[in-house]
Amino acid sequence: MSYSGEVLRGHTETVILAILRGGDSYGYEILKRILDAGDGMIDIKDATIYTAFKRMEKDGLITTYWGDEGEGGARRKYYSITDAGREYHERKSREWRELTVILDRLIGGDEA
Amino acid sequence: MKEELKKYAWRKFRRYPKTKEITELREELWSMMCDKFDDCVAEGADEKDAARQAKELMNDCTAAVRDVEVNSSMGALRRMLVGLLTFSAAFMLALTCVYLFLSLVTLKSFDKTWMLIVAGSFVYVVYVAVKLYNYARHFGFSGLTRVAFGGVFLSLVPLLYVLPSLAANVLFDTNIWGKSWLIVPLLAAIWLTADMMLFAHGTKAFWWEFAALGFLVTTVIFLAFSVFTGAWNVSWLVYVLYLVIVAFAIYFAELRKRRA
């Protein structure tokens, strides 16, 4: 089974922030970590990721800086989480935990 | 191979204005392509396959560019408008110079040379419509693209209908207004057909196709009837009949849908 990036809708920012809590990272690495964590079942587009980056930067959740030129002259853009980003992530994680408990109760199906 | 990827990325972005945000997006997507390429090679893919996979990252770059454009206070639109303003000034200046030269030096008369200004203005209107359409299409604004596409056809009306009729009248003293208006339904028919083929998808597609096809059939009936009978002054009523049929069809379909 495969899911499009739609399943992450509304959570893309939180997912990215969770990755950035572990340290600064760049676009492709973040994309790859999401894909790897999805065990190949999540197909997220780079445009979705990029759009989320821009939105988060605008909202002050992350900051960016350019890395050095690599082979061929390409430069990576690095992202790092801000204090506002950490707070946002904590709040969203808490909401997610509460929501999953409720949804488990509603959808669960174990007792049925 | 990295150079090839760079050329590919640059080619994908060549139609977009070089605003700061769009240039940054291009740089970042290119670096992502390079990372993807290296990753694929490290996993054992050959360079050709790795490049193909890397290029796939650019498949939906229009969505990213559109998002950048919307979130950067329409920087590209503003740049396009400034460019258009500059072009307008240069175009009008050049047109005025040609007009004055023709009137004062070549023909030594202002009698009919004003036609040049009219023609130039009509060409200019088409140019602006095409520019707007290109902007909407490149940035993937689907609604605006469709409207601008119609705008291009609308802008052709003065150029293809008014100008030739006016020129025939002013320059050759021939009145063709009575027949030249046929270019308008013809343009409308071409526009409807093209619009239907390019944009009409989804729930409203059926009604759009129905209306467009009906319009084409009406035009054929109108022309055939008018040419064979010569009753041009009456045959236009067939368009009224067409509109009535379309209106009734839509009304009853809506009524049925509501009852269901």
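**A loop in chain B and its surroundings**

Author: Let's begin at B:K108, which is placed in the loop between α5 (75-106) and α6 of chain B. Please keep in mind that this is a predicted model. The backbone of B:K108 has a phi near 55°, a positive value in a residue other than glycine. For background, most residues other than glycine have a negative phi. Is B:K108 buried or exposed? B:K108 counts as exposed because it has 9 C-beta neighbours inside 10 Å, and the cut-off for exposed is 12 or fewer.

B:D173 is not a glycine, yet it has a positive phi of about 55°. You will find B:D173 in the loop between α7 (142-172) and α8 (177-180) of chain B. B:D173 has 7 C-beta neighbours inside 10 Å, so it counts as exposed.

B:K131 counts as partly exposed, because 17 C-beta neighbours fall inside 10 Å. Leaving aside residues up to four places away in sequence, B:K131 touches B:M80 and B:L84. Its C-alpha is also 9.1 Å from that of B:A148, a residue 17 places away in sequence.

Let's zoom out to the whole of chain B. It has twelve helices and zero strands. Of its 260 residues, 16% count as buried. Among contacts between residues at least 6 apart in sequence, 56% join residues at least 24 apart.

Helix α2(B) and helix α3 (residues 47-56) of chain B pack with their axes 8 Å apart, at an angle of about 145°, and the crossing is right-handed. On the α2(B) side, the contact is made by B:M33, B:K36, B:F37, B:C40 and B:V41. Across from them, α3(B) brings residues including B:E47, B:D49, B:A50 and B:K55. By type, the residues of this contact divide into seven nonpolar, one polar and four charged.

Helix α2(B) also leads us to the neighbouring chain. In total, 21 residues of chain B are in contact with 16 residues of chain A. On chain B, α1 (2-12), α2 (20-42) and α4 (61-71) each supply at least two residues of the touching side. The largest share of that side, ten residues, comes from α2(B). What types of residue make up the side of chain B that touches chain A? Ten are nonpolar, two are polar and nine are charged.

Finally, cross over to chain A, where you can find an open sheet of three strands in the order β2-β5-β4, with antiparallel pairing. Because β2 (25-26) and β4 (62-69) stand at the edges with a single partner strand each, one side of each is left without a neighbour in the sheet. Two bridges join β2(A) to β5 (residues 75-81) of chain A, and A:Y26 has A:Y78 as its bridge partner in β5(A). Helix α1 (residues 12-20) of chain A packs on this sheet, touching β2, β4 and β5 of chain A, and its direction makes about 95° with that of β5(A).

A word on confidence: chain A has a mean pLDDT of 84, with 87% of its residues at 70 or more. Among the elements of chain A, β2(A) has the highest mean pLDDT (93), while strand β1 (residues 3-4) of chain A has the lowest (58).

Key: Residues numbered from 1 in each chain as written. Chains lettered and ligands numbered in written order. Predicted model: local features only at pLDDT ≥ 70, side-chain atom pairs only at ≥ 80, totals over all residues. Contact = placed C-beta atoms within 7 Å. Helix = DSSP H or I, 4+ residues; strand = E, 2+ residues; numbered from the N terminus. Nonpolar A, V, L, I, M, F, W, Y, C, P; charged D, E, K, R; others polar. Pairing = 2+ DSSP bridges. Axes fitted to C-alpha atoms, helices over the stretch in contact; angles between N-to-C directions. Buried ≥ 20, exposed ≤ 12 C-beta atoms within 10 Å, placed from the backbone. pLDDT = per-residue confidence, 0-100. Left-handed = near helix turned anticlockwise from the far one by under 90°.
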